[in-house]
Amino acid sequence: MGRKVTVATCALNQWALDFEGNLQRILKSIEIAKRKGARYRLGPELEICGYGCWDHYYESDTLLHSLQVLAALLESPVTRDIICDVGMPVMHKNVRYNCRVIFLNGKILLIRPKMALANEGNYRELRWFTPWSRSRQTEEYFLPRMIQDVTEQETVPFGDAVLATRDTCIGSEICEELWTPRSPHVDMGLDGVEIFTNASGSHHVLRKAHTRVDLVTTATAKNSGIYLLANQKGCDGDRLYYDGCALIAMNGCIFAQGSQFSLDDVEVLVATLDLEDVRSHRAEISSRNLAASKVSPYPRVKVDFALSCREDLLELPSEPIEWTYHSPEEEISLGPACWLWDFLRRGRQAGFFLPLSGGVDSAATACLVYSMCRQVCEAVKQGNQEVLADVRAIVDELSYTPQDPRDLCGRVLTTCYMASENSSQETCGRARELAQQIGSHHIGLNIEPAVTAVVGIFSLVTGRRPLFAAHGGSSRENLALQNVQARLRMVVAYLFAQLSLWARGARGGLLVLGSANVDESLLGYLTKYDCSSADINPIGGISKTDLKAFVQFCMERFQLPALQGILAAPATAELEPLTDGQVSQTDEDDMGMTYAELSVYGRLRKVAKAGPYSMFCRLVTMWKDVCSPRQVADRVRRFFSKYAANRHKMTTLTPAYHAESYSPDDNRFDLRPFLYRAGWPWQFRCVEDAVVQLESRGQQDL
């Protein structure tokens, strides 16, 4: 009697609208699953078209090409003798749904639409899809003729149903449904479903990997059962990095763990598990069995197929494992580096151009490219032929095999120190030393002639010559002269990105990398259209505090001693005149607050959803040992005034890797106006009233 089932889940690096590549990756995953003995294969959410199609879901072409790929899968001999569970958009009665299409041997068994759509943070599924709201109900779906021709079926079940095979029962939930207060797996499990599948499109956020794992293990501990989770992996065309972590769990334990970050486009996990372990686990929980006796039944689609073999006594079941997590520093070293690799190879560019200032932020960006090079060399060493083909195309050398990360870094990364008369020898030296240690092609140049020329044009036209504050100028003059330097660096960066390879006799252009961190963006402590304006920014979603810890990690893990001096130096823009050859300007003095404080403001503003008054109420207790109520009020007013005045800068923010829950990214994650009444008169008056009340209470206590 067969009772051991072998099931497969996967993480695929799908790409929005890359129907050809997506099809090949799906077929490869099914092939690997079958080779490892699996009889059920689960793939990521919307894997046929790629999750991040966004407004392309409105286009009939997206639906048409998804159906064409489905037809190719149904016809392929690779998909024989294994239940395949794939994701795609489906139009039913003129309504668009996010669906799982489950098929076996050229016949569609069930189309299961998503019932709870993700619609917060980076997700906008309600914009394109409608949730299926008819719980435990199905109706007939009339197949398009191109699919009828393949399956010889006219209609198939569409809706909230489960599959009943010869040996077990399988139920689907899709991504967000696992996160809802009343997840489908609860009632499905009570109704006898033994295997739960979850197809996800879940992206990376620092320190959040445990959340998915905890949800799955808790679900199967309380309700018993086998749980398969598939996820997208990689960058499919925008700011998000989908971080894999495919898994197979049973009865609260993990039996297979997928990688969170890797350069493998296809990763398949397989486990052999004993259904009797699920049944015996459930049988002894009387409270669960009492609830099960009252549950409303799900429609069952009968499938004449078994996931187990009749003779499986000698088949070894999988053993439980401990989930291993990356540290935040490891997450930063791997996630944005993989994101950069996807942009580089899919954008068909020849490398990156990075303005390297000698500070922590640009150093962290350089370290991410170096980490990418290390991962590429390791993937090639492990025999990844796709990575080898991609790197050869990037460096334009068909016989090249990367072995040394420094050598590869010299081919794909150009760093440039752009000095002005306000730059110090120390930052110049630190930038040069780091470039030598990671192996980048380094350029040193001076932009002062261009600064002089631009300011000269202004003086020629107006008859006035602006001065720095240190030389007697006003704050307006001082800021304008700083911005000229910053913006010229952006112009020079793009010129060199386009032509530096041409000057060296090589083909192609370079992607310009930005290095503004999430805290500076939040406050607007950057010049609009300066070096923060780039093609992509791998650190734009990472806090200054985390970046410093990451740079410390790189110094030790990658043996880069140049980072020690960079970490020890005060953060500075170096846009104001030096004093006796030394830096007189620091970031925290300019901002009027520390980076640590900025992280607190950012989390309260976005994650805790606090306006000025609520933030004051939180901080007056949080900081009661270090600040008086009036000092807290002053800091809150200073933050919100600067935030409001600079919010317009977020509209032009360089696309950045999303890693932090308080990112101010205006594109999709943090939707707010960019013209504020920066004085916040009503809100600040409420804060002032609270301060006066607290101060009078303090006087009475005294």
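Modeller: Glu688 is partly exposed, at 25% relative accessibility (buried is under 20% relative accessible area, exposed over 50%, partly exposed in between; 1.4 Å probe, protein chains only). The model is predicted: local features need pLDDT of at least 70, side-chain atom pairs 80 or more, while totals for chains, interfaces and linings use all residues. Numbering runs from 1 along each chain as its sequence is written, and side-chain values use heavy atoms, without hydrogens and water.

The partner of Glu688 is Arg637, and the two form a salt bridge with the closest N and O atoms 3.4 Å apart (a Lys or Arg side-chain nitrogen within 4 Å of an Asp or Glu carboxyl oxygen). This pair links distant parts of the chain: Arg637 sits in helix 22, Glu688 in helix 23, 51 residues apart (helices are DSSP runs of H or I, at least four residues, and strands of E, at least two, numbered from the N terminus). Arg637 is buried, at 17%.

By the same rule the count comes to 39 salt bridges. In one of them, Glu47 meets Arg41 at 2.7 Å, N to O. Glu47 is buried, with a relative accessible area of 0%. Arg41 is buried too, at 1%.

Another joins Glu125 and Lys114, with the closest N and O atoms 2.9 Å apart. Glu125 is in helix 3 (residues 125-128) and Lys114 in the loop between strand 5 (107-113) and helix 3, so the pair ties together parts eleven residues apart in sequence. Glu125 counts as buried at 1%. Lys114 also counts as buried at 1%.

A network of salt bridges links Arg605, Lys606, Arg647, Asp670 and Arg672. Ser663 lies in the loop between helix 22 (629-646) and helix 23 (681-701). At 5% relative accessibility, Ser663 is buried.

Now the domains. The assignment gives domain 1 (4-323), domain 2 (326-445 + 492-564) and domain 3 (583-701) (bounds from an automatic or database assignment). The C-alpha centres of domain 1 and domain 3 are 43 Å apart. Their contact takes 14 residues from domain 1 and twelve from domain 3. Between them about 1,200 Å² is buried, 44% of it from carbon and sulfur atoms (accessible area, 1.4 Å probe, lost on being put together, summed over both parts). Asn122, Arg124 and Arg239 supply 53% of the area that domain 1 buries against domain 3, more than any other three residues. Across this interface the rule finds one salt bridge. Arg239 also forms a salt bridge with Asp665, the closest N and O atoms being 3.5 Å apart.

Thr151 is buried, with a relative accessible area of 0%. Beyond four places in sequence, Thr151 is in contact with Leu74, Gly106, Lys107, Ile108 and Leu143.

Two backbone angles deserve a look. Most residues other than glycine have a negative phi. Leu17 has a positive one, near 70 degrees. Leu17 is in the loop between strand 1 (4-12) and helix 1 (19-35), and is partly exposed at 33%. Arg348 has a positive phi of about 55 degrees, without being a glycine. Arg348 is placed in the loop between helix 9 (328-346) and strand 17 (352-355), and is exposed at 75%.

Definitions and conventions
Contact means heavy atoms within 4.5 Å. Buried area is the accessible area (1.4 Å probe) that two parts lose on being put together, summed over both.
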